[in-house]
Amino acid sequence: MTGPWPGGWGPYDMVHYGHSNQLRQAKAMGDYLIVGVHTDAEISKHKGPPVFTQEERYKMVRAIKWVDEIVEGAPYVTTLETLDKYNCDFCVHGDDITLTVDGKDTYEEVKRAGRYRECKRTQGVSTTDLVGRMLLMTKAHHSNIVSLHYQQHTDNFGKGPKGHSPWTGVSQFLQTSQKIIQFASGKEPQPGDTIIYVAGAFDLFHIGHVDFLEMVYKQAERPYVIVGLHFDQEVNRYKGKNYPIMNIHERTLSVLACRYVSEVVIGAPYAVGKDLLDHFKVDLVCHGKTEVLPDKDGVDPYAEPKKRGIFRAIDSGNNLTTDDIVQRIIENRLQFEARNQKKEAKEMAVIEAMKKREQKEQGEAPAQTAH
């Protein structure tokens, strides 16, 4: 292929719409996007234990629609040799800092050679924030009331020994129509397409969802997959606890980034009724192996598609649920909290060094800190 070949390198642990947005921006900088994903051993050495195994992470990244190819077991430090090996013109990373275990910038070499590009971080989401939401198990993250407990936790969770890192702290995501347009396929169903409808929460979009949607996609030769996402209150009604972890806006982008999905219904009705099926001219309705809870009136939400003979139960062979992921994280709670404190301290040290360098360059005396 002609033109620039960007490469994105990263751990891609707990892949979320922030990562997808980074890869969307990277793809827009060139023609063919190669993404390097680190092994479990590399991540453990530099950042702490990953939530997902390398096999799960490879599959998650492959499922993002802007990715053309992935490099399994990519080195943690991106060198010019790595870029040349995969014919990449440059590498792309977010505007946050990535440090090695000994505190060095992992992109130093490629930056010096002028083969580094930066894309903007997605405000309002980070792995740290998502882990924090799960550890808390509070409804505060998707209501207007921020509980004192949540505030205290976010302060502790994103705080180092001194100050606050702008990269690890918790912030709120703001949805815009522009962001939805950037993520949406914009493609209408074509004559001859099989319109397949699936519905659910798709919370903390994970490998279990990817395996299910891939299986749904394989149900037809020319599939057009529509995902109906339930509003937060609806999800909370049937899931309980503090679900959903991600609000409707976050879940919309997470699902739109998946290569098997053509369209998303934002705030779909729980019951898959006549109006919805007729409006989208649905040929097939699929549901996974998770339990189907009756609607508020006690009726099976899939009664209409079953009556029409267009309902199909799909077994993706993957039983992973959002609950399982939350459990994985809670089991590793102490390791995660220690990891975040360490990451914060490392980032703060780099910020201090950057400030000192800037002051030196500008010939200013360093600011005195009162003790």
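Guide: Helix 9 (residues 207-217) lies across strand 6 (194-200), strand 7 and strand 9 (284-287), and runs at about 140 degrees to strand 7. The model under discussion is a predicted one. Its protein chain holds 15 helices and ten strands.

Visitor: Why are strand 8 and strand 10 called edge strands?

Guide: The open sheet has five strands in the order 8-7-6-9-10, with parallel pairing. Strand 8 (263-266) and strand 10 (311-313) each pair on one side only, and are the edge strands. From one strand to the next, the twist averages 25 degrees. In general, the strands of a sheet pair through backbone hydrogen bonds.

Visitor: How do you know how helix 6 and helix 14 are oriented to each other?

Guide: The axes of helix 6 (residues 127-136) and helix 14 (residues 322-331) come within 10 Å and cross at roughly 90 degrees. Angles of 65 to 115 degrees count as roughly perpendicular; the two helices are therefore roughly perpendicular to each other.

Visitor: What makes up the contact of helix 6 with helix 14: nonpolar, polar or charged residues?

Guide: Val131, Met134 and Leu135 of helix 6 meet Val326, Ile329 and Ile330 of helix 14. Val, Leu, Ile and Met count as nonpolar. The contact therefore divides into six nonpolar residues, no polar and no charged.

Visitor: How do you know whether Thr106 is buried or exposed?

Guide: Thr106 sits in the loop between strand 4 (90-94) and helix 5 (108-112). Its relative accessible area is 1%, and Thr106 is therefore buried, given that buried means under 20%. The C-alpha atoms of Thr106 and Tyr76 are separated by 7.2 Å, although these residues are 30 residues apart along the chain.

Visitor: What makes the phi of Leu204 and the phi of Lys281 worth noting?

Guide: Most residues other than glycine have a negative phi. Leu204 has a positive phi, near 50 degrees, and is not a glycine; Lys281, also not a glycine, has a positive phi of about 50 degrees. Leu204 is found in the loop between strand 6 and helix 9, and Lys281 in the loop between helix 12 (274-279) and strand 9.

Visitor: What makes the peptide bond from Tyr243 to Pro244 cis or trans?

Guide: Its omega is near 0 degrees, and the bond is cis. Most peptide bonds are trans. Pro244 lies in the loop between helix 10 (232-239) and helix 11 (248-256).

Key
Residues are numbered from 1 along each chain as its sequence is written. This is a predicted model: local features need pLDDT of at least 70, side-chain atom pairs count only at pLDDT 80 or more; totals for chains, interfaces and linings use all residues. Side-chain values use heavy atoms; hydrogens and water are left out. Two strands pair if DSSP finds at least two bridges between them. Helices (H or I, at least four residues) and strands (E, at least two) are DSSP runs, numbered from the N terminus. Axes are lines fitted to C-alpha atoms, for helices over the stretch in contact, and angles run from 0 to 180 degrees between N-to-C directions. Contact means heavy atoms within 4.5 Å. Angles under 35 degrees count as roughly parallel, over 145 as roughly antiparallel, 65 to 115 as roughly perpendicular and the rest as oblique. Buried means under 20% relative accessible area, exposed over 50%, partly exposed in between (1.4 Å probe, protein chains only).
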